[in-house]
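User: I have a model open and want a quick pass over its fold and its ligand shells. Can we work through it by question?

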Amino acid sequence: MKERIRRVVSDLEIDDVGFAAAPDYRSPLSPPLETIFPGVRSIIVLAYKELDSCDSPDLHIAMNGRMDLMEFSRSCNYKLARHLERDFGARVMTVPVSYPMAQIEETKGAVGQVSLRHAAAAAGLGAFGSNNLVVHPRFGCRTVFTAILTDLEIPSDPPVAENPCTACGLCVQGCPGKALNEPGRTDLMKCVKNIMPYGLNGAVRFWSKYGEVPAAERKAMLRDPNFWRLYQAGHIGPQYFCFTCMNVCPVGRKATA
Ligand code: B12
Ligand code: SF4
Ligand code: SF4
């Protein structure tokens with residue numbers, strides 16, 4: 001069965017696939033899989049290499065590359081799920097590439113319903129690096145994952161033989177938000193402040209101030225580029241303004257002339 005699925009994955013131009021039996025998926029914070037999909041037996045995890053867009057010093061181009069990949073990967077994930085339903089008679093549920101996610105106080109709205117990193121590690125697609133990203137043996141940290149939950153009985157792929165992270169420390173030293181200083185933990189607030197200046201916190205700051213200042217200052221606030229950026233983010237969804245901990249990682253980098 002794995003071989004047949006791998007062929008479909010290859011036809012869809014997805015870069016890699018791994019399989020995990022549901023009991024092998026262990027995420028400390030995400031809800032148990034059974035609460036999402038009663039009767040779930042396996043997770044099929046798909047891996048996609050980022051284009052070089054994420055290297056661009058122009059962060060709009062870098063984010064556009066991620067948006068392209070989010071759209072492509074969402075579509076591939078859905079196509080494979082439909083295929084599993086039709087050709088394998090499987091029950092299937094797709095996992096979001098990033099959003100939506102439960103917006104609740106306990107998790108600060110930042111815990112996925114399924115942790116794709118833990119799923120990827122369980123499916124043998126890589127191991128956690130010092131930046132808390134899953135490092136793929138061939139593509140390094142510049143890898144995005146999607147997943148499908150199924151009721152198919154599929155055994156897990158073996159874990160990666162060796163952690164591709166060499167513990168060189170470049171990601172920890174390079175993080176502009178100093179969010180990776182504590183091993184095994186990304187400081188959410190430090191990362192978010194740097195990576196999403198025009199996300200929820202930025203909007204709360206803006207609108208709180210807007211409600212407090214006189215009319216003339218409100219007009220000025222709406223004419224300020226800070227508001228334009230918030231407005232754009234409101235339209236196109238979360239925008240990342242940092243790709244450093246992915247980009248500085250030497251694993252999977254092609255030698256450049
Ligand atoms: C919410 C979210 C964020 C939040 C919160 C991050 C966080 N602390 O989890 C913010 C906005 C800050 C964020 C930032 C980024 N994200 Co993000 N994010 C997510 C999302 C939607 C949910 C993550 C989640 O549930 N976190 C909470 C739980 C899982 O974390 P946790 O259990 O506490 O595990 C943490 C630690 O315990 C530790 N950990 C756990 N086990 C082990 C084991 C070992 C050995 C070690 C060392 C560490 C370790 O790693 C985790 C990181 O803090 C996922 C998609 C998904 N559904 O999984 C993408 C996802 C994790 N993000 C991703 C990426 C790429 C990024 C960024 C690089 C942004 C960018 N420019 O693209 C940064 C990297 C930040 C970093 N170095 O950690 C990718 C990671 C791909 C990969 N190769 O691993 C994902 C999987 C999206 C995807 N579809 O591919 N993200
Ligand atoms: S995305 Fe940027 S701020 Fe967040 S952990 Fe990575 S390097 Fe640090
Ligand atoms: S930059 Fe170095 S320490 Fe960080 S994940 Fe890559 S290999 Fe590991």
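Analyst: The questions below take the overall fold, then the ligand shells; the model is a predicted one.

User: How many helices and strands does the protein have?
Analyst: Both kinds of element are present in the protein. The count is 10 helices and six strands.

User: Why does the protein count as compact as a globular protein of its length?
Analyst: The globule rule gives 18 Å for 257 residues. The radius of gyration is close to that value, so the protein is as compact as a globular protein of that length. That radius is 20 Å.

User: What percentage of the residues count as buried?
Analyst: Buried here requires 20 or more other C-beta atoms within 10 Å of the residue's own. Of the 257 residues, the share that counts as buried is 32%.

User: Which helix gives the largest share of the shell around ligand 2?
Analyst: The shell includes Cys191, Asn194 and Ile195. Two elements give two or more residues to it: helix H10 (244-247) and helix H6 (188-195). The largest share is three residues, and it comes from H6.

User: How many charged residues are in the shell around ligand 2?
Analyst: Eight residues of this shell are nonpolar. Four are polar. The charged count is therefore what the division leaves under the residue classes used: no charged residues.

User: Which residues are the closest to ligand 3?
Analyst: Ligand 3 is surrounded by 15 residues. They divide into 10 nonpolar, five polar and no charged. The closest are Gly129, Cys165, Cys168, Cys171 and Cys249.

How values were computed
Residues are numbered from 1 along each chain as its sequence is written. Chains are lettered from A and ligands numbered from 1 in the order in which they are written. This is a predicted model: local features need pLDDT of at least 70, side-chain atom pairs count only at pLDDT 80 or more; totals for chains, interfaces and linings use all residues. A residue is near a molecule or strand if its C-beta atom, placed from the backbone, lies within 6 Å of it. Helices (H or I, at least four residues) and strands (E, at least two) are DSSP runs, numbered from the N terminus. The radius of gyration is taken over C-alpha atoms; the globule rule is 2.2 Å times the number of residues to the power 0.38. A residue is buried if 20 or more other C-beta atoms lie within 10 Å of its own, exposed if 12 or fewer, and partly exposed in between; C-beta atoms are placed from the backbone.
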